[in-house]
Amino acid sequence: ITSTANLAFRFTYENIAIVLDLTSFVDEESGLNEVSFNDDRFINLSNNTYSYTTTCDNVLDATLSSLPVLTRIGYTVTGYVLNGTAVDVSDFEDTSILAYATRGTGGYNLTYYPTFDVSNVDVTLDYAYDNIVEHIFVPYNDMFKNALDGAWVETPEREGYIFTGWTDEAGSLVNGDSVLADAGDVTLTATWQIQQNYVTLEIDENLQLLSSNVEYSSEGSIVTFNNMNYGDTLSFTLEASEGYELDIVSYEHGAESGEISFTVDENNGSIYLISFNIPAQPNVQIVATSKVKQNDVVLVGEHFTLTRVTSDNEDIAFSNNTFEVDSDIEFVMSVVIEQGYTFVGVSVDEANANDVSVETHLDGFNLTLTVSGVVRDITITLETGLRENSITFTYDINDAIEQIIANDRIVANNTALVTTGNDLVVYVDLFEGYVVDGVTFSYAGGNDQAISFSLVEDAGNDYNGFYTFTIEDI
């Protein structure tokens, strides 16, 4: 060049070839690519490699975020490896595509492939009762038992039920070794079968099963109630033999035991009503035992005092003529009859009339009653009556008395009878030449229980040969 010249340079943008390499994401069994995207600029070269070639000016200001959005079921994009350099997804907005491109023959080249982390799927465990729900997070395409957040429950427990398995939305059974193949939220529902129980009842020889609200079978003293479900109520009635009563009804299942309450039938004191709610634990044993019945004995009547009750020379406590005795024992009641009254007879109530024996022995005012055969509550009635009192007359001169008239009756054999509580009016008819000089009296035998009486009126002798005196309330 020998003179000034103007040179004009013309530049053009070089091409850049962007290659997306997805060859490492091909499923070995199906041969299908697990990664998908939607970008018409990329052409499938072959073997799951996609290319997009353009001039650099088209990507001059582009960042990695402008690259196609990649989707892989069950995974999350964590970054790219660009020409061998890893870039985290958090830097996509600020990193230029050209920053990692390399210049080669014919332009720039950028080959990249994505990196993924497996997603954790939210798995809902619905226990199907009482609104109990738990959440665990299981890596996609991993076994349920490998949950990373929350614990897999292989065999949950529910009182009164048997766990039969977890089912997915399709109704298929799932266990801990099952692989989570669904990338979306998953709900597993527990299925249950109600616990079937059998209940045995053991009763002793003094008890009898009368009825039950469920079917049962018996063998000896063992009764079996079959097909009882948790929460069911077992109701049955027992009858105690005469002279016995139900003592205790106990139960046992697993480590738990206790007593079952019962009620007495209002129309029959020998029949007992028992109800029991079937617990969750299977195979319940119930035992019913009896005891000798304690019978109430009531002694009724008037004009006597119960002083003692014994059995085998052992005292039995009593109050208001009432006490308790065991069935079929013999016992003795000691009674003192009130002065002026006498023992008439004894009887028992109609319900016991054919079973109970009462033997009596009267010694003066002392009465003993020996009783046997009592097997139920009993009322014994002791009947007393006014006493006929014997009045004996004696006198010092037999020839002086012609006759004695007591209460308008001639006294024979020097003896008169006067009912308790009555007065005694006595006329002494004297032979001529005699008078009564005085009257004295006392109880025969010196009865220390007797109440001394006194002469209330002494009319004395009259001119007709009579001597008159009156004694009140003998």
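Thr49 is buried, with a relative accessible area of 15%; buried means under 20% relative accessible area, exposed means over 50%, and partly exposed lies in between, using a 1.4 Å probe and protein chains only. The model is predicted, so local features need pLDDT of at least 70 and side-chain atom pairs count only at pLDDT 80 or more, while totals for chains, interfaces and linings use all residues. Residues are numbered from 1 along each chain as its sequence is written, and side-chain values use heavy atoms, with hydrogens and water left out.

Thr49 lies in strand β4, residues 49–55. Strands (E, at least two residues) and helices (H or I, at least four) are DSSP runs, numbered from the N terminus. Leaving aside neighbours within four places in sequence, Thr49 is in contact with Val19, Leu20, Asp21, Thr23, Ile43 and Asn44. Contact here means heavy atoms within 4.5 Å.

With neighbours within four places in sequence left aside, the contacts of Tyr112 include Ile18, Phe42, Leu67, Pro68 and Tyr80. In soluble globular proteins, nonpolar side chains tend to be buried together.

Next come the sheets. Two strands pair if DSSP finds at least two bridges between them. Six strands form an open sheet in the order β17-β18-β15-β24-β20-β21, with mixed pairing. Its edge strands, β17 (216–219) and β21 (256–259), each pair on one side only. Neighbouring strands of this sheet are turned by 20 degrees against each other on average, direction ignored; axes are lines fitted to C-alpha atoms, for helices over the stretch in contact, and angles run from 0 to 180 degrees between N-to-C directions. Tyr216 has Phe225 in β18 as its bridge partner.

Another open sheet has five strands in the order β27-β26-β29-β32-β31, and its pairing is antiparallel. Here the edge strands are β27 (314–315) and β31 (357–363), each pairing on one side only. Two antiparallel bridges join β27 to β26 (residues 304–311), and Ser311 has Glu314 in β27 as its bridge partner.

Salt bridges link charged side chains. A salt bridge is a side-chain nitrogen of Lys or Arg within 4 Å of a carboxyl oxygen of Asp or Glu, and the count comes to ten by this rule. In one of them, the side chains of Arg72 and Glu34 meet at 2.7 Å, N to O. Arg72 lies in strand β5 (residues 71–72) and Glu34 in the loop between β1 and β2 (35–36), so the pair ties together parts that are 38 residues apart in sequence. Arg72 is buried, at 15% relative accessible area, whereas Glu34 is partly exposed at 32%.

A salt bridge also joins Asp247 and Lys291, at 3.9 Å, N to O. Since Asp247 lies in strand β20 (residues 244–253) and Lys291 in strand β24 (residues 284–292), the pair ties together parts 44 residues apart in sequence. Asp247 is partly exposed, at 30%, and Lys291 is partly exposed, at 36%. Finally, Glu242, Asp355 and Arg376 are linked in a network of salt bridges.
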